[in-house]
Amino acid sequence: WGYAAQSANATRVAHIGRTQALLNDGACTFATDVTLRPDADVWAVERRQFELREAFVALLRTKSRYMVSTATAREALRRQMLREVDRVMAAPVAVDLRFTEFVLS
């Protein structure tokens with residue numbers, strides 16, 4: 001995880017590094033950048049890094065290859081993962097989530 005900000009009110013980005021997850025019928029490797037709200041508690045997000053990764057892996061475990069193999073399907077997955085961030089944090093802290101890596105194997 002890393003956070004970059006120019007000022008106290010600048011947008012903060014949480015980097016979730018390369019993570020491997022099993023799908024119903026395959027596997028994938030992914031990494032994400034989560035854009036946080038300017039008022040988000042950065043330390044709270046950092047403390048829950050493991051829970052966020054586990055939530056993402058659990059979500060992917062419910063998917064099959066065809067459910068994540070197209071751009072449209074990955075957009076739906078991206079939205080689900082964005083909601084997972086807010087669910088795990090029990091507050092609306094995420095503004096956007098972007099895949100920096102997504103490889104099916």
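**Terms and their grounds**

Analyst: Three strands make up an open sheet in the order S1-S2-S3, with antiparallel pairing. The model is predicted, so local features need pLDDT of at least 70 and side-chain atom pairs count only at pLDDT 80 or more, while totals for chains, interfaces and linings use all residues. Residues are numbered from 1 along each chain as its sequence is written, and side-chain values use heavy atoms, without hydrogens and water.

User: What makes S1 and S3 edge strands?

Analyst: Strand S1 (12-23) and strand S3 (94-104) each have a single partner strand, so one side of each lacks a neighbour in the sheet. Strands are DSSP runs (E, at least two residues), as helices are (H or I, at least four), numbered from the N terminus.

User: Why are H2 and H3 called oblique?

Analyst: Helix H2 (residues 49-61) and helix H3 (residues 71-89) pack at about 140°. Angles run from 0 to 180 degrees between N-to-C directions, with axes fitted to C-alpha atoms, for helices over the stretch in contact. Under 35 degrees counts as roughly parallel, over 145 as roughly antiparallel, 65 to 115 as roughly perpendicular and the rest as oblique. H2 and H3 are therefore oblique to each other.

Note on methods. Two strands pair if DSSP finds at least two bridges between them.
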